[in-house]
Amino acid sequence: MPASPEIREAIRQGSWIRRMFEEGAFLKAKKGADNVFDFSLGNPFGDPPPPLARELARLAAHPPPDLHKYMPNAGFADVRQRVAEDLEKSTGLAFTPGLVMMSVGAAGALNVALRAILSPGDEVIVIAPYFVEYLFYVRNAGGVPVVVQSADDFQLDPEAIRASITGRTKALLLNTPNNPTGAVYPAEALRELSRVLSEGESRAGGPIYVLSDEPYRKIVYPGTSFYPPAAALRNTLVAYSHSKDLNLAGERIGYLAISPRAADAAELADACVFCNRILGFVNAPSIMQRAVAGFQGIDAEMSVYGRNREMLVSTLTKSGFSVVPPGGAFYLFPKSPVEDEMKFISAAREENVLVVPGSGFGRKGYFRVAYCMDPASVERSLPAWKRLGSRFFGKKGGGG
Ligand SMILES: Cc1ncc(COP(=O)(O)O)c(C=O)c1O
C-alpha cells in the first residue's frame with residue numbers, strides 16, 4: 001500500500017463526496033442532465049463578470065514585463081496594497097500591504113496560516129457543522145481538531161467554546177457566512193466570542209488566533225449583514241477567496257491578511273509568507289493577482305442565489321421540512337425527516353434529487369442543499385421536494 005494509513009483513512013472518511021459525484025454522473029447519463037437535480041456541489045453559478053474577463057484578455061495580450069516571472073512569495077506589492085485598502089475600508093483597521101499575502105484561494109490561505117502557527121499536537125477549535133476540509137487542513141499542519149457543535153439555529157455556542165479551550169488551544173476556525181448552514185454571525189455574537197477567547201487565553205498560555213474564513217462574505221441576503229470578525233476579535237487572520245464573488249473557483253486566487261491588532265502581527269506575516277513558499281504554493285497565480293486587483297470593492301452577483309433561496313426555503317418549509325433560512329452563502333442545511341439521514345438521501349435520489357449527508361459536515365441527522373444553480377432547474381425540482389414532503393410528513397407542500 002503506497003498511501004500512508006492516515007491518508008487512506010482520510011480517503012475513506014471523505015468517500016461520500018466521491019460517491020455523490022459518481023452517482024450524479026451516473027444519473028445524468030441515464031436520465032438526461034435536465035432531469036437530475038444535483039444540489040451536491042458548491043460550484044458558484046455563472047461566469048466571471050465581463051469586465052474581469054476583458055481584463056484577463058488584456059493581460060494575456062499585453063503582459064506586463066514581470067507577469068510570468070518569480071515574484072515575492074507574498075505576491076505583487078501593488079495588488080496587496082489594493083487588498084489592504086479594501087480591508088481597511090470594510091473593517092476600520094489599518095491593514096498594510098506587509099500584512100497581506102496573496103494566496104492560492106482560501107484553501108491555500110488556511111493551510112498557510114495553520115502551518116505558520118501550529119506546533120505538533122496544538123489544538124484548533126472547529127465549529128460544527130463545518131466545511132469538511134477543515135479537519136484535513138488542521139492535520140496537514142500537525143494540529144488536532146477539537147470539534148464544538150454550534151447551537152440548534154447554527155449560531156455560536158459560547159459556553160461550548162469556552163469549555164473546549166485547553167492548555168494546547170492555539171486557534172479557532174470561524175466561517176461566516178457559513179458552509180454548510182448559511183449562518184452569519186452578528187456583531188454581538190462575535191464580541192461575546194472575543195470575551196470567551198480573551199478569558200481562555202490565560203488557560204491556553206498565549207494568544208488564540210481566529211482564522212476567519214470568509215469566502216462568502218459578499219453573499220449575504222436582505223435582512224442580514226456581514227460583520228467582519230476582525231473588527232470584533234483581536235487576533236484574527238482573514239482568509240479570503242475570489243472563487244465565489246467573482247466566480248473564479250478554478251483559478252485559485254485569494255488572500256490571507258493578518259489583523260494589525262493581532263499579537264506579533266509582523267512576525268506572523270513573515271511566517272505565513274515563508275510557509276506559502278515551503279508548502280509549495282510559492283506564490284498565488286500571477287495573472288490572477290493582476291486581474292483581481294481592481295475588483296476588490298465590487299459586489300457579488302446575488303440575484304440567482306436570492307431567487308433560489310426563496311423558492312427552496314418556501315417550498316421545503318411548506319412541505320414540512322425544518323429549515324433555518326440562511327443569512328448568506330448558497331446552502332441550506334435542513335433537518336432530515338428521519339434520524340438516519342442516509343435513508344432520506346436514498347429517497348431523494350429516487351426523485352433524482354442529490355443532496356449531501358450532514359454527517360460529512362460533523363452533524364448527523366441533517367443534509368446539505370447547495371443551491372448555486374440555474375433557477376429554472378431549481379424550479380423544476382420543486383415538485384420532487386413536495387413529493388418528498390408528502391412521503392415523509394404527509395404534507396403536500398406548495399408555494400415557490
Ligand atoms: C467555507 C469554505 N472555506 C474555504 C473554501 C475553499 O475556497 P477556495 O476554493 O476558494 O480555496 C470553500 C470552498 O467551497 C468553502 O466553502
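1. How far does a polar side-chain atom of Ser243 lie from an oxygen atom of the ligand? The distance is 2.5 Å. That is a polar contact (a pair of N or O atoms within 3.5 Å; within protein, one must be able to donate a hydrogen and the other to accept it, and residues adjacent in sequence count only if both atoms are side-chain atoms).

2. On conventions: this is a predicted model, where local features need pLDDT of at least 70, side-chain atom pairs count only at pLDDT 80 or more, and totals for chains, interfaces and linings use all residues. Residues are numbered from 1 along each chain as its sequence is written, and side-chain values use heavy atoms, with hydrogens and water left out.

3. Lys244 places a polar side-chain atom 2.8 Å from a ligand oxygen atom. For Arg252, an N or O atom of the side chain is 2.7 Å from an oxygen atom of the ligand. Taken alone, the ligand exposes 390 Å², and the protein buries 91% of that (Shrake-Rupley areas, 1.4 Å probe). There are 14 residues around the ligand (a heavy atom within 4 Å). Asp213, Tyr216, Ser241, Ser243 and Arg252 come nearest.

4. Helix H4 covers residues 77–91 (helices are DSSP runs of H or I, at least four residues; strands are E runs, at least two; both are numbered from the N terminus). Its 15 residues should span 21 Å at 1.5 Å a residue (1.5 Å times one less than the number of residues). The end C-alpha atoms are 21 Å apart, which agrees.

5. Which residues of H4 are buried? They are Val79, Arg80, Val83, Ala84, Asp86, Leu87 and Thr91 (buried is under 20% relative accessible area, exposed over 50%, partly exposed in between; 1.4 Å probe, protein chains only). They cover an arc of only 165° around the axis, so they sit on the same side of H4 (the arc is taken from the directions from the helix axis to the C-beta atoms). They pack against strand E2, helix H9, strand E8 and helix H11 (contact: heavy atoms within 4.5 Å). Gly92 follows H4, with a positive phi near 75°.

6. Ala231 is in helix H9. Its relative accessible area is 26%, so Ala231 is partly exposed. Not counting residues up to four places away in sequence, Ala231 touches Thr91, Leu93 and Arg261.

7. Pro177 sits in the loop between strand E5 and helix H8. Is Pro177 buried or exposed? At 0% relative accessibility, Pro177 is buried. Beyond four places in sequence, its contacts include Tyr216, Phe226 and Gly328.
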